[in-house]
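Have the sequence and the coordinates open as you read.

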Amino acid sequence: MKSIIFILSIFLLIGCSVSGNKQQLEQPKSLKVLLESNPKKIKINEAVAFTAEVKYGTENVSKEAEVQFEIIENGISIGSVFPKNKGDGKYLLETKFFDQGQKKVIAHVSYKTLHEMPELSFQVSN
């Protein structure tokens with residue numbers, strides 16, 4: 001009986017050390033979102049493109065990510081839109097602003113269990 005308990009405890013220890021090594025090898029990845037506008041200086045009635053580049057660790061995320069751009073004008077949210085998925089982890093929103101003032105775009109990005117909300121503040125001028 002003691003030999004059976006001894007053998008079972010050896011297997012248990014081996015199993016724990018193997019699974020422990022596997023956990024050490026898998027590094028948790030982070031979700032990174034880079035939000036940019038083109039052009040940088042935004043004028044009334046001129047086209048502007050907002051691009052979010054989404055990465056999970058070092059890999060581009062083009063599938064299974066939930067991406068929305070929220071637009072805020074003078075401190076008030078006017079709504080959210082779904083950008084176009086351009087592939088290679090890039091999401092694009094093209095728009096115009098029809099009045100001057102302080103604006104903000106927030107990219108809401110969810111992937112797996114992670115969520116990021118980078119924001120871009122800018123002034124729309126004449």
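Which backbone oxygen lies 3.4 Å from a polar atom of the side chain of lysine 103? That oxygen belongs to aspartate 99. A polar contact here is a pair of N or O atoms within 3.5 Å; within protein, one must be able to donate a hydrogen and the other to accept it, and residues adjacent in sequence count only if both atoms are side-chain atoms.

Before going further, a word on the ground rules. This is a predicted model, in which local features need pLDDT of at least 70 and side-chain atom pairs count only at pLDDT 80 or more, while totals for chains, interfaces and linings use all residues. Residues are numbered from 1 along each chain as its sequence is written, and side-chain values use heavy atoms, with hydrogens and water left out.

**Confidence**

The protein chain has a mean pLDDT of 87, with 79% of its residues at 70 or more; pLDDT is the predictor's confidence in each residue, from 0 to 100. Helices (H or I, at least four residues) and strands (E, at least two) are DSSP runs, numbered from the N terminus. Where pLDDT is low, the predicted coordinates should not be read in detail.

Lysine 103 sits in strand S9 (residues 101-111). With a relative accessible area of 1%, lysine 103 is buried; buried means under 20% relative accessible area, exposed over 50%, and partly exposed in between (1.4 Å probe, protein chains only). Leaving out residues up to four places away in sequence, lysine 103 touches Ile72, Glu73, Asn74, Phe97, Leu120, Ser121, Phe122 and Val124, where contact means heavy atoms within 4.5 Å. Phenylalanine 122, counted in that way, touches Lys103 and also residues including Ile42, Phe50, Phe97 and Gly101.

**Aromatic pairs and the core**

The structure holds four aromatic pairs. Rings of Phe, Tyr and Trp (its six-membered ring) pair if their centres lie within 6.5 Å; planes under 30 degrees apart count as stacked, over 60 as edge-to-face and the rest as tilted. Two of the pairs are set out here.

| Pair | Centre to centre | Angle between planes | Class |
|---|---|---|---|
| Phe50 and Phe122 | 5.5 Å | 35° | tilted |
| Tyr56 and Tyr111 | 5.2 Å | 65° | edge-to-face |

Phenylalanine 50 lies in strand S3 (residues 48-56) and phenylalanine 122 in strand S11 (residues 119-125), so their pair ties together parts that are 72 residues apart in sequence. Phenylalanine 50 is buried at 0% relative accessible area, and phenylalanine 122 is buried at 7%. The tyrosine pair links S3 to S9 across 55 residues, and both of its members are buried. Ring pairs also link Phe50, Phe97 and Phe122 into a cluster.

The largest nonpolar core has 25 residues, of which Phe50, Phe69, Phe97 and Phe122 touch the most other members. Such a core is a set of buried Ala, Val, Leu, Ile, Met, Phe, Trp, Tyr and Cys residues joined through side-chain atoms within 4.5 Å. S3 gives the most to this core, with five residues.

**Strand pairing**

Two strands pair if DSSP finds at least two bridges between them. S1 and S3 run antiparallel and are joined by eight bridges, with leucine 31 partnered by tyrosine 56 of S3.

Phenylalanine 69 has alanine 107 as its bridge partner in S9 and valine 81 in S6. S5 and S6 form a hairpin with two residues between them, and asparagine 74 in the turn has a positive phi of about 50°.

**The loop at serine 62**

Serine 62 lies in the loop between strand S4 (59-60) and S5, and is partly exposed at 22% relative accessibility. Its side chain reaches the backbone nitrogen of aspartate 88 at 3.0 Å, and a polar atom of that side chain lies 2.6 Å from the backbone nitrogen of glycine 89.
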